[in-house]
Protein chains: 2
Amino acid sequence: MSESASATSLSDPGAASRPRRSDATRTAILTAARERFAADGYERATIRAIAGDARIDPSMVMRYYGSKEGLFAAACAFDLRLPDLGSTPPEAVGRTLVSHFLDVWEENEVLTALLRVGVTNAAGAERMQGIVKEQLLPVVRQACPDQREAPARAALVASQILGMALTRYVLRFPYAAALSREAIVDWLAPTVQRYLTADKP
Amino acid sequence: MSESASATSLSDPGAASRPRRSDATRTAILTAARERFAADGYERATIRAIAGDARIDPSMVMRYYGSKEGLFAAACAFDLRLPDLGSTPPEAVGRTLVSHFLDVWEENEVLTALLRVGVTNAAGAERMQGIVKEQLLPVVRQACPDQREAPARAALVASQILGMALTRYVLRFPYAAALSREAIVDWLAPTVQRYLTADKP
DNA sequence: ACTGTTGGTCAACGCTTGTTGGCACCAACG
DNA sequence: CGTTGGTGCCAACAAGCGTTGACCAACAGT
C-alpha cells in the first residue's frame, strides 16, 4: 500500500524508497486502472482489461496491489488542491471554487472514476465522502458565517458541483456538454456563492 | 398494483389484453427488479438475485422479459408527472419544481435505479437523457423567456436536481441526508428559479 | 374427458470473473 | 562461478454470470 503511494507520485510524503525495476509496470497499471475505472465503473473495469491496457499479465496486478479493491484504493488516492479561501475576496469565493473544480475535473480522470465507481461501490462512495469531509468542508468553514452551518453548506455546494460533473462528464447529456466553460462558471458561481455565504433562506 | 396495467399498456398499446394468470408473477419480477437496480446498479443486480426476491426461477425472467436489458427497460419506464408551469405563478416555478422532484424521488425508487444504472450503463444513461429531453425540457420551455435558451437552462436545472439526488439518495452523504426537506426546498428553489428565468449572467 | 396452451421448475450450457501457484528469466552480489 | 530475489508469463481453479431447452402441472375450450 505504501508502495503504491510512491508509484502514484500524487502523494509521496517522505519515505522515498529507491526505485524498483518494476516501477514502470506499477505506474502503467495505475494509469490503465484509472482510465478503465473512469470509463466503465467498478464492475466492468476488469482486471484482465486493465492488464491488457498496461500490456502485462493479470497476475501482476494481484502481485503489486493485492486485490481489485487494493488496486482501486491505490488508483483513486486524490488531492483536490483546493485554494485557500481565506486569501480570496469574500465576494469571489463562488467563482474561484467553481472555476477550480472545472479545472481539476478536466485535467484529471480520477474524479470521474471516483464518481462512477462510488455510485455502485461502497468503498468508492466512502472515499468520495471522505474527500468532501476532509478537503471541501474545511474550505467551506473559511467562507461561511456560522461554523455550525458548514456541513449543510458543504452539502449544498457538493450537490451543485457534483451534479454538473455528473450530467456533463459522466452521463454526458448533450445539453450539459454543450455549455461553454465560461457559461458554467457564470451560472454556477452565484449559486455556490449563495450556498456559502447567504443567510439561511 | 396498477403497474401491471401500465406495463402491459406499454407493450400493448390500445388493445387492452385481458388479465393473464401470470400477472402477479410479472409484477413481482418488476418490483424486485426495481429494488435491486436501485440498490445495486446494473451489473450487481443479477437476474438470479431478482428472481430470488420474487421467489421464482431465473428462467421466468427470461421468458417474460427476453433478456436482462429487456427487464431493465420494462422496470424503468417512468413518467415524472411534472406540473404544468403555465398555470403556476411565474415567481413560484422554482419552488414548485424542486418540491415536486423531492416528492417523486422519495415515493418511487425508479429514479434511483435509473440514476444508479445510468452511470455505468449506456441504455440507462440514454433513458435518463430521454426523460430530461422529453419531460423536463418542455416544462422549462414554458417558464423561460427565450425558447432558444431552453436546452441550456434545462441542463442547469438538471445538474442541480440530479446533484442533490446523487448526494442524498445515491451516495448518501451524511450531510446531504441530514438536510430537512424544507431546507432543501428553501435553498434549491431560488437556484432553480434563477436558472429558469434570470437573464444570462 | 380430451387436448392445447400457459405457468413454472430443474439442470445444464458456455463464458467471464477474481485469484492462485508454478515455472522461466534477468540482474545483482557473494 | 553460483546463489538469490525480484519480475514476468502461463495455465488453471472455483465461483458466478446470462441464457437455454427439456420437462412437469394446472388450467381453458371444445
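Colleague: What should I know before reading the model?

Modeller: The model is predicted: local features need pLDDT of at least 70, side-chain atom pairs count only at pLDDT 80 or more, and totals for chains, interfaces and linings use all residues. Residues are numbered from 1 along each chain as its sequence is written, chains are lettered from A and ligands numbered from 1 in the order in which they are written, and side-chain values use heavy atoms, with hydrogens and water left out.

Colleague: How many aromatic pairs are there over all chains?

Modeller: The rule first. Rings of Phe, Tyr and Trp (its six-membered ring) pair if their centres lie within 6.5 Å; planes under 30 degrees apart are stacked, over 60 edge-to-face, the rest tilted. The count over all chains is 10 aromatic pairs. Take A:Phe37 and A:Phe72: their ring centres are 5.3 Å apart and their planes stand at 85 degrees, so this pair is edge-to-face.

Colleague: Where do A:Phe37 and A:Phe72 lie in the chain?

Modeller: Helices here are DSSP runs (H or I, at least four residues), and strands are too (E, at least two), numbered from the N terminus. A:Phe37 is in helix α2 (residues 23–44) of chain A, and A:Phe72 is in helix α5 (residues 68–75). Together with A:Tyr42 they form one aromatic cluster.

Colleague: Is A:Phe37 buried or exposed?

Modeller: Buried means under 20% relative accessible area, exposed over 50%, partly exposed in between (1.4 Å probe, protein chains only). A:Phe37 has 0%, so it is buried. A:Phe72, at 3%, also counts as buried.

Colleague: Why is the pair of A:Trp105 and A:Tyr169 stacked?

Modeller: Their planes are at 10 degrees, with centres 6.2 Å apart, so the pair is stacked. A:Trp105 sits in helix α6 (residues 93–107) and A:Tyr169 in helix α9 (residues 150–170), 64 residues apart. A:Trp105 is buried at 5%. A:Tyr169 is buried at 14%.

Colleague: Which charged end sits over the ring of A:Tyr42?

Modeller: The test takes NZ of Lys or CZ of Arg, within 6 Å of the ring centre and within 35 degrees of the ring normal. The charged end of A:Lys68 sits over A:Tyr42, 4.5 Å from the ring centre. In chain B, B:Lys68 sits over B:Tyr42, at 4.5 Å.

Colleague: Where is B:Asp79?

Modeller: B:Asp79 is in the loop between α5 (68–75) and α6 (93–107) of chain B. B:Asp79 is partly exposed, at 47%. B:Val104 is 25 residues away in sequence, and 9.8 Å away in space, C-alpha to C-alpha.
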